[in-house]
Amino acid sequence: MAATEHPTQRPPLNRRLAVFGTTIFAEMSALATRTGAINLGQGFPDTDGPEEIREAAVRALRDGRGNQYPPGPGVPELRTAVAEHQQRWYGLGYDPDSEVLVTAGATEAIAASLLALLEPGDEVVALEPYYDSYAACIAMAGGTRVPVTLRPDAGSGTYHLDVDELRAAVTDRTRLILLNTPHNPTGTVLTRDELSAIAELACERDLLVVTDEVYEHLVFGAEHIPLAGFPGMRERTVTISSAGKTFSFTGWKVGWVTAPAPLVNAVRSAKQFLTYVSSGPFQYAIAEALRLPDSYFHALRTDLEAKRDLLADGLREAGFGVFRPAGTYFVTTDIRPLGEDDGFAFCRALPERCGVVAIPNAVFYDHRDQGAPFVRFAFCKGEQVLAEAVSRLKSLASQGRWS
Ligand SMILES: Cc1ncc(COP(=O)(O)O)c(C=O)c1O
């Protein structure tokens with residue numbers, strides 16, 4: 001601000017955040033509501049998670065568990081359940097008292113981790129396209145993001161990480177790698193070889209890694225492998241997950257961090273000044289959810305895999321190029337076979353053209369041109385909803401070029 005500038009003449013929003021505007025999800029969900037279109041934009045299921053887990057939340061509310069501030073690190077029942085979950089699925093041992101932190105969804109875990117671990121000027125290497133909160137949180141922490149672009153391969157219908165590009169992106173200023181696997185929006189699940197190369201790089205350059213694994217249970221024919229289990233990684237990895245995707249309760253905002261005590265303590269220092277605590281009764285319910293039998297997790301996968309196939313096949317028949325996801329509940333498509341190349345214009349017109357809402361992948365890129373012709377559809381919806389969306393999308397081919 002210039003010395004003569006009056007404070008009220010300055011824009012209310014600071015420069016670090018002004019560039020981000022309103023999230024595309026809000027814009028597109030509002031468009032869906034206004035037009036009555038089928039919303040395959042934002043990633044939330046259209047049915048709630050298991051009835052017994054809803055009941056567990058009601059019980060907690062009625063019994064007065066969690067109605068007042070829960071403990072800062074999270075209720076012991078949930079911290080223990082998170083530690084058990086990491087052991088049960090991945091053989092990773094964490095101490096529930098010192099190595100687990102409960103957060104307001106993965107969103108707060110990401111924000112608190114970056115605010116805690118970064119000094120202004122630190123570089124963060126992140127896989128592009130990336131979930132939109134990453135860029136904003138890196139900016140709030142005063143860090144600099146260094147994107148490494150996942151490359152689409154139309155032939156195989158998948159995206160790939162070029163490990164040499166990742167290696168080249170690391171400088172003396174790099175503080176951490178921010179990873180997301182299974183990956184939103186491309187549906188890529190990083191392979192053992194890719195993760196092993198990332199682990200080697202992190203050890204060699206003495207980097208921290210923050211890894212967002214919220215889609216850990218949504219994998220189809222692929223294996224989700226936590227980075228923390230690779231040699232040398234436990235002590236340098238902050239693993240983030242949450243209940244929203246796994247249990248279809250995205251509104252409850254129960255997330256968690258697992259990491260060695262010094263890293264958990266650091267993240268907690270930032271977290272205590274963000275929400276301090278959240279979701280009291282829901283924490284008890286999610287402790288029960290994490291202990292559901294294997295059959296729950298398998299059924300979730302089978303159900304979503306069928307929906308993936310329904311939407312991916314339908315989109316291909318409708319003329320889109322399709323990247324069939326190995327994980328998450330999103331399908332990325334290429335709109336160029338439809339004669340279009342501007343995902344923004346395409347998504348803004350789509351509700352009017354055929355009554356469907358999708359998200360332009362360009363919003364997940366620094367290099368917007370790299371994402372321009374790609375559009376993301378969510379398949380965490382009822383089969384009838386997906387079938388109706390597909391039938392509407394099939395009308396596009398006969399409409400000719402729009403944007
Ligand atoms: C990659 C990724 N990370 C984090 C989140 C947010 O998780 P939560 O709802 O637990 O805050 C999402 C939600 O869409 C996501 O896609």
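Predicted model: local features only at pLDDT ≥ 70, side-chain atom pairs only at ≥ 80, totals over all residues.

Author: Start with strand β8, residues 208–212, and strand β9, residues 237–242. The two pair in the parallel sense, over four bridges. Within this pairing, V210 stands opposite V238 in β9.

Now widen the view to the sheet. β8 and β9 belong to an open sheet of seven strands. The order is β2-β10-β9-β8-β7-β3-β4, and the pairing is mixed. At the edges stand β2 (100–104) and β4 (144–149). Each has a single partner strand, so one side of each is left without a neighbour in the sheet. From one strand to the next, the twist averages 20°.

A helix covers part of this sheet. Helix α10, residues 261–271, lies across β2, β9 and β10 (254–258). α10 runs at about 25° to β2.

Next, the domains. The chain is divided into domain 1 (7–49 + 295–399) and domain 2 (51–292). Their C-alpha centres lie 23 Å apart. Between them, 38 residues of domain 1 are in contact with 38 residues of domain 2.

Look at the side of domain 1 that touches domain 2. The elements giving two or more residues there are α1 (15–18), α12 (294–317), β11 (321–323), β12 (330–334) and α14 (368–371). α12 supplies the largest share, seven residues. By class, this side of domain 1 has 18 nonpolar, 11 polar and nine charged residues.

Terms used
Residues numbered from 1 in each chain as written. Pairing = 2+ DSSP bridges. Axes fitted to C-alpha atoms, helices over the stretch in contact; angles between N-to-C directions. Contact = placed C-beta atoms within 7 Å. Domains from an automatic or database assignment. Nonpolar A, V, L, I, M, F, W, Y, C, P; charged D, E, K, R; others polar.
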